[in-house]
There are 2 protein chains.
Amino acid sequence: MQSPKYTARAHTNIALIKYWGKLDQDLIIPMNSSLSLTLDKFYTDTSVFFDSTLKQDIFRLNNKESSSLKVTHFMKVLREKTGETRFAMINSENHVPSAAGLASSASAFAALALAASRAAGLVLDSRSLSRLARRGSGSATRSIYGGFVEWQQGSDDATSYAVPFEENVAWDLSMIAVVISAKQKKISSSVGMQRVVATSPYYSAWRKTAAQDLAAMKKAIKKRDFRQVGTIAEENAMKMHALNASAHPHFSYFEPASLQVMKIVADLRSNGIFCYYTLDAGPNVKIICQNKDIQTILAALAPSFSQERLVVAGPGPGVKLIDKP
Amino acid sequence: MQSPKYTARAHTNIALIKYWGKLDQDLIIPMNSSLSLTLDKFYTDTSVFFDSTLKQDIFRLNNKESSSLKVTHFMKVLREKTGETRFAMINSENHVPSAAGLASSASAFAALALAASRAAGLVLDSRSLSRLARRGSGSATRSIYGGFVEWQQGSDDATSYAVPFEENVAWDLSMIAVVISAKQKKISSSVGMQRVVATSPYYSAWRKTAAQDLAAMKKAIKKRDFRQVGTIAEENAMKMHALNASAHPHFSYFEPASLQVMKIVADLRSNGIFCYYTLDAGPNVKIICQNKDIQTILAALAPSFSQERLVVAGPGPGVKLIDKP
């Protein structure tokens, strides 16, 4: 017997205040609260139905049968939560404007959480959906909402979820993603943050400074103070990457070309073009800017990076159903 | 009336445990103890005599009249200490195998301290010489001695000086300096460390971790454990640079090519060639290695860096007079 099929679309998000470190590995409770902007250009469409004839979950990604421990684990959690006993047919499609490196588990698990819970007969409110998505991937917690989103760390499964901070972002803010490498990162974010929590002498200071950055960021967003938003985001990102440099053994996600982009941004800024950068667990650089400066920034990047490596995105919406029975 | 002329030679040193931050800006009392290796290939020869007909100190660097606020300040301190009232004629020559970027204030002020104190009629013991050199530049404190040298931070002018840790280094240890840029750094080490002390949330943790690294490094040197020495040095350097990434505003001395060298070293290491890197307040990378691996490492660097940019050095001696009346 088959359940009805639901299809959800979720957009990825970029953290302006980073999540780096877990209090609980299994439940994915973070060590600090974070804040992100959901983007319009990068999203995942996922359809799910349960089928009693299946002997295991079947996961197709971009029309190719695939296997993912994270998906298997998530579906197990979902069945426990919903009482659903059948296995599922999962079809996922990642929409990223270039072939390279910006697909994210954030949009993947936000879309899967909505589609799978509905197919299992459950209508969850956004908070419960955010808690469910968290079990798949930390950053997915935030992709339930559009615009600026805060993931309140909480202390357990019930209290750790995202809330919209400013869902309808009606201001001039864009991101230029500079794709430097599409290769799988050597040290996954999971492994990286675990090593940092266990070994970095700077980690407890990070938790304090991240909390201060979050408070300052919320004020800056409320005031629509673009330069403050950019400055805080860039400095928070650098403090996060400083943790990796201080871990034992130390590691880094930066590549030479990442530094090249950072230098271009710093030069633009000293010439009065206010833009800022942030990086996650990989070498790609995301430039936070205002719409009026996009062409200037793209022109400054053009001698070093081909057009396919430069993707402009704006604020995007929260997760929603795009197809249902 | 002229004083006798004295000429001193001092070698530069590379810190394996970094000095980063001052307790006292004027006296140059550091916030943490440090440990270095004096190198044989980079040195400064400086001759000094005092002359009652001079209206100011005259400073010639590499046969060119020069002006340096740091030298002027140091000579003022020296006259206060010695009771000398005349101005001095100072001739300095920097010996660096390539024209590029590795001259250091460490060798400069160690040589100047010895030559100028003798010309002023003072015969200082090594400890007093180390304290005097410290007034010119922090790292000069260590260049009084050869081999492995510890700068004990102390708490005031009397108690902050270097001591030899292992002066006659009779073991297999070399450094390959990779010259990436000879340009003046944008942020001097003085300005950089001051900003870090004032703004980095990680600074107090750095002082603790640097003290632990120093203790571990001393043990590793005593045990002649090359891999430990290299690992501790590399990690300590990365923790120092992590401070810069966490400062407000953040800054970095790395250039894309610095990361390229770091990657080459990491790759060599994963292929069983044990070598390690350290960086100071600039983009040049110093590779710590054993003599048997020098050719392999040079070969790995050769496709990216021309021969003039690669300088091999070994342990060097302390400061000494090379000419006297």
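Q: How much area is buried between chain A and chain B?
A: This is a predicted model: local features need pLDDT of at least 70, side-chain atom pairs count only at pLDDT 80 or more, totals for chains, interfaces and linings use all residues, and side-chain values use heavy atoms, with hydrogens and water left out. Residues are numbered from 1 along each chain as its sequence is written, while chains are lettered from A and ligands numbered from 1 in the order in which they are written. Buried area is the accessible area (1.4 Å probe) that two parts lose on being put together, summed over both. Carbon and sulfur atoms give 65% of the area buried between chain A and chain B, which comes to about 1900 Å².

Q: Which residues in chain A lose the most area to chain B?
A: The contact (heavy atoms within 4.5 Å) takes 25 residues from chain A and 25 residues from chain B. Three residues of chain A together account for 33% of what that side buries: Tyr202(A), Glu235(A) and His250(A).

Q: Which helix of chain A gives the largest share of the side that touches chain B?
A: Helices (H or I, at least four residues) and strands (E, at least two) are DSSP runs, numbered from the N terminus. Helix 5 (203-222), helix 6 (226-245) and helix 7 of chain A each supply at least two residues of the side that touches chain B. Seven residues, the largest share, come from helix 6.

Q: How many residue pairs are in polar contact across the interface of chain A and chain B?
A: A salt bridge is a side-chain nitrogen of Lys or Arg within 4 Å of a carboxyl oxygen of Asp or Glu; between chain A and chain B the count is zero. A polar contact is a pair of N or O atoms within 3.5 Å; within protein, one must be able to donate a hydrogen and the other to accept it, and residues adjacent in sequence count only if both atoms are side-chain atoms. With both residues at pLDDT 80 or more, the number of pairs in polar contact across this interface is six.

Q: Which strands stand at the edges, each with a single partner strand?
A: Two strands pair if DSSP finds at least two bridges between them. An open sheet of four strands in chain A has the order 11-12-10-13, with antiparallel pairing. One side of each edge strand is left without a neighbour in the sheet, because each has a single partner: these are strand 11 (276-279) and strand 13 (310-313) of chain A.

Q: What is the bridge partner of Tyr276(A) in strand 12 of chain A?
A: Strand 11 and strand 12 (residues 285-289) of chain A run antiparallel, joined by four bridges. Across from Tyr276(A), the partner is Ile288(A).

Q: Which strands of chain A does helix 8 touch?
A: Helix 7 (residues 256-270) of chain A packs on the sheet, touching strand 10 (174-178), strand 11 and strand 12, with its direction at about 160 degrees to that of strand 11. Axes are lines fitted to C-alpha atoms, for helices over the stretch in contact, and angles run from 0 to 180 degrees between N-to-C directions. Helix 8 (residues 294-301) of chain A also packs on the sheet, its direction making about 10 degrees with that of strand 10. Helix 8 touches strand 10, strand 12 and strand 13.

Q: How many residues of strand 4 of chain B are buried?
A: Strand 4 (residues 34-51) of chain B pairs in the antiparallel sense with strand 1 (residues 6-17) over 10 bridges, with strand 7 (residues 87-95) over nine bridges and with strand 8 (residues 148-152) over four bridges. Buried means under 20% relative accessible area, exposed over 50%, partly exposed in between (1.4 Å probe, protein chains only). Strand 4 is largely enclosed by the rest of the structure, because the buried count is 16 of the 18 residues.

Q: How many residues apart are Lys18(A) and Asp280(A)?
A: The side chains of Lys18(A) and Asp280(A) meet in a salt bridge (2.7 Å, N to O). Lys18(A) is buried, with a relative accessible area of 1%. Lys18(A) lies in the loop between strand 1 (6-17) and strand 2 (22-24) of chain A. Asp280(A) lies in the loop between strand 11 and strand 12 of chain A, and the two are apart by 262 residues.

Q: Is Asp26(B) buried or partly exposed?
A: Arg135(B) forms a salt bridge with Asp26(B), the closest N and O atoms being 3.9 Å apart. Arg135(B) is buried, at a relative accessible area of 10%. Asp26(B), at 41% relative accessibility, is partly exposed.
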